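Please look over the model shown here. A short report on its packing follows.

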Amino acid sequence: MGRKPTIDREELARLVVQGMSVQELAGHFGVSESGVLQAKRAAGLAKPMMDHSRALPWKLARAHAQSGPATNLRNLSAAAQGRPPAAERLNTALRWAQRLVDAGLDVRYDPSEGFSEVPAAGGGSHVAVVLEEARRALGKRR
């Protein structure tokens, strides 16, 4: 059994700056993609994970994790954290949230049923708060 391949941190940093993908880096260093990701984290080259728990305060069932409302809330959360998604996805999320706010609606989540639109509570809506945080970070008004 041979020695495990090692990843030189300086070379890794240089190749990451050049824009090499994880797949390309794995081939270059002769390691798995997981090995590249671990090396990037260890070298401080990985982007920190975003926390979407404010936008998605529920424990989502796997079947609902990629639903429209979940995706839109995650995209608004990313924008609020300074890392907006692609313009098309961001615009979809902004339009979706604004439609709900304008109609006086909010979202409700039930693990067995998924997301549904419901009248916003008297104290305001969750969607309105997430939308406002995203707009503030983007420097946008309605």
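This is a predicted model: local features need pLDDT of at least 70, side-chain atom pairs count only at pLDDT 80 or more; totals for chains, interfaces and linings use all residues.

Residues are numbered from 1 along each chain as its sequence is written, and side-chain values use heavy atoms, with hydrogens and water left out.

**Helix pair**

Helices (H or I, at least four residues) and strands (E, at least two) are DSSP runs, numbered from the N terminus. Helix α4 covers residues 68–80 and helix α6 covers residues 126–138. Their axes lie 7 Å apart, at an angle of about 40°. Axes here are lines fitted to C-alpha atoms, for helices over the stretch in contact, and angles run from 0 to 180 degrees between N-to-C directions. The crossing of α4 and α6 is left-handed; that is, the near helix is turned anticlockwise from the far one by less than a right angle.

Which residues of α4 meet α6? They are Leu73, Leu76, Ala79 and Ala80. On the α6 side, the partners are Val130, Leu131, Glu133, Ala134, Ala137 and Leu138. By class, this contact has nine nonpolar, no polar and one charged residues. Ala, Val, Leu, Ile, Met, Phe, Trp, Tyr, Cys and Pro count as nonpolar, Asp, Glu, Lys and Arg as charged, and the others, Gly among them, as polar. Contact means heavy atoms within 4.5 Å. An α-helix has 3.6 residues a turn, so residues three or four places apart point the same way.

Buried residues of α4 include Pro69, Asn72, Asn75 and Ser77. Buried means under 20% relative accessible area, exposed over 50%, partly exposed in between (1.4 Å probe, protein chains only). The buried residues of α4 pack against α5, β1, β2 and α6. In α6, the buried set includes His126, Glu133 and Arg135. Its cover includes α4, α5 (87–102) and β1. Just after α4, Gly82 takes a positive phi of about 85°. α6 is followed by Gly139, with a positive phi near 70°.

**Hairpin**

Strands β1 (residues 105–110) and β2 (residues 114–119) run antiparallel, joined by six bridges. Two strands pair if DSSP finds at least two bridges between them. β1 and β2 form a hairpin with three residues between them. Val107 has Glu117 in β2 as its bridge partner.

| Residue | Relative accessibility | Class |
|---|---|---|
| His52 | 19% | buried |
| Ser116 | 25% | partly exposed |
| Glu113 | 61% | exposed |

His52 lies in the loop between α3 (33–42) and α4. Neighbours within four places in sequence aside, His52 is in contact with Arg74, Ser77, Ala78 and Gln81.

Ser116 lies in strand β2. With neighbours within four places left aside, Ser116 is in contact with Asp106, Val107 and Arg108. The C-alpha atoms of Ser116 and Gly35 are separated by 40 Å, with the two residues 81 apart along the chain.

Glu113 lies in the loop between β1 and β2. From C-alpha to C-alpha, Glu113 and Glu132 are 27 Å apart, and 19 residues apart in sequence.
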